[in-house]
Amino acid sequence: MRRRLTTILVTMLLAAGAVLAGGSPASAASCSGNNCSGMNPNSTGCSTASAYTQATANAGYGDWNLELRRSSQCNSYWARVTGYHHVGYVGATISVDRRYDYNGYTAYQSVHVDHGQALAYTNMWGRVSGYSFRACLTFDQGLGTACTGWYS
């Protein structure tokens, strides 16, 4: 009787393990690191794959939030602006800048944000050793720029 009960329990545990192992991760990403450069964080799954806000900035013009976003699973950065509403009814350009720490060379991914646009984001830069990243928002009509700090 004891041996039969042990056999039944082992069989049940093995069956439960097989069911659990068959599932797939809820937020599987389709790229990682430098393979994410130039790609959309939403369509690749990076915007939900262990994504968090690394830093924020606000220049005091209107009501908006600029974020430098990072996905630890995708090992990449991008810029996002939410709730953009400029009091002067002008647009802006957001960018995620990448610079090589030793020579200061900067490249960027950018997108234009129209007045009243609730959400906008750039494509990504994959995180590579020796590079730093920041998010910037530059208002149209020369009204100024706000940036986060540099992060690596």
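This is a predicted model: local features need pLDDT of at least 70, side-chain atom pairs count only at pLDDT 80 or more; totals for chains, interfaces and linings use all residues.
Visitor: I'd like to start with the rings. How many aromatic pairs does a search of the whole structure find?

Guide: The search finds 2 aromatic pairs.

Visitor: What describes a pair of aromatic rings?

Guide: The general idea is simple: the distance of the centres and the angle of the planes describe the pair. Here, Y77 and F133 are stacked, with 4.6 Å centre to centre and 20° between the planes.

Visitor: Which parts of the chain does the pair of Y77 and F133 tie together?

Guide: Y77 belongs to strand 3 (residues 76–82) and F133 to strand 8 (residues 131–139), so the pair links parts that are 56 residues apart in sequence.

Visitor: Are Y77 and F133 buried or exposed?

Guide: Both Y77 and F133 are buried.

Visitor: Now the cysteines, please. How many disulfides are there?

Guide: A search of the whole structure finds 3 disulfides. Counting bonded cysteines along the chain, they follow the pattern 1-2, 3-4, 5-6.

Visitor: What is the handedness of the link of C31 and C36?

Guide: For handedness, look at the angle about the S-S bond. C31 is joined to C36 with an S to S distance of 2.1 Å, and with 105° about the S-S bond the link is right-handed. Both C31 and C36 are buried.

Visitor: And where do C46 and C74 lie?

Guide: The sulfur atoms of C46 and C74 are 2.1 Å apart, and the link is left-handed, with -95° about the S-S bond. C46 is in the loop between helix 1 (2–21) and strand 1 (51–57), while C74 is in the loop between strand 2 (65–71) and strand 3, so the pair joins parts 28 residues apart in sequence. C46 is buried at 0% relative accessibility, and C74 is buried at 0% as well.

Visitor: Is C147 buried or partly exposed?

Guide: C147 is partly exposed, at 30% relative accessibility. Its partner in a disulfide is C136 (S to S 2.0 Å), which is buried with a relative accessible area of 3%. The torsion about their S-S bond is about 110°, so this disulfide is right-handed.

Visitor: What about T148?

Guide: T148 is in the segment after strand 9 (145–147) and is buried, with a relative accessible area of 8%. Beyond its neighbours within four places in sequence, T148 has contacts including A55, L68 and R134.

Definitions and conventions
Residues are numbered from 1 along each chain as its sequence is written. Side-chain values use heavy atoms; hydrogens and water are left out. Rings of Phe, Tyr and Trp (its six-membered ring) pair if their centres lie within 6.5 Å; planes under 30 degrees apart count as stacked, over 60 as edge-to-face and the rest as tilted. Helices (H or I, at least four residues) and strands (E, at least two) are DSSP runs, numbered from the N terminus. Buried means under 20% relative accessible area, exposed over 50%, partly exposed in between (1.4 Å probe, protein chains only). Contact means heavy atoms within 4.5 Å. A disulfide is a pair of cysteine sulfur atoms within 2.5 Å.
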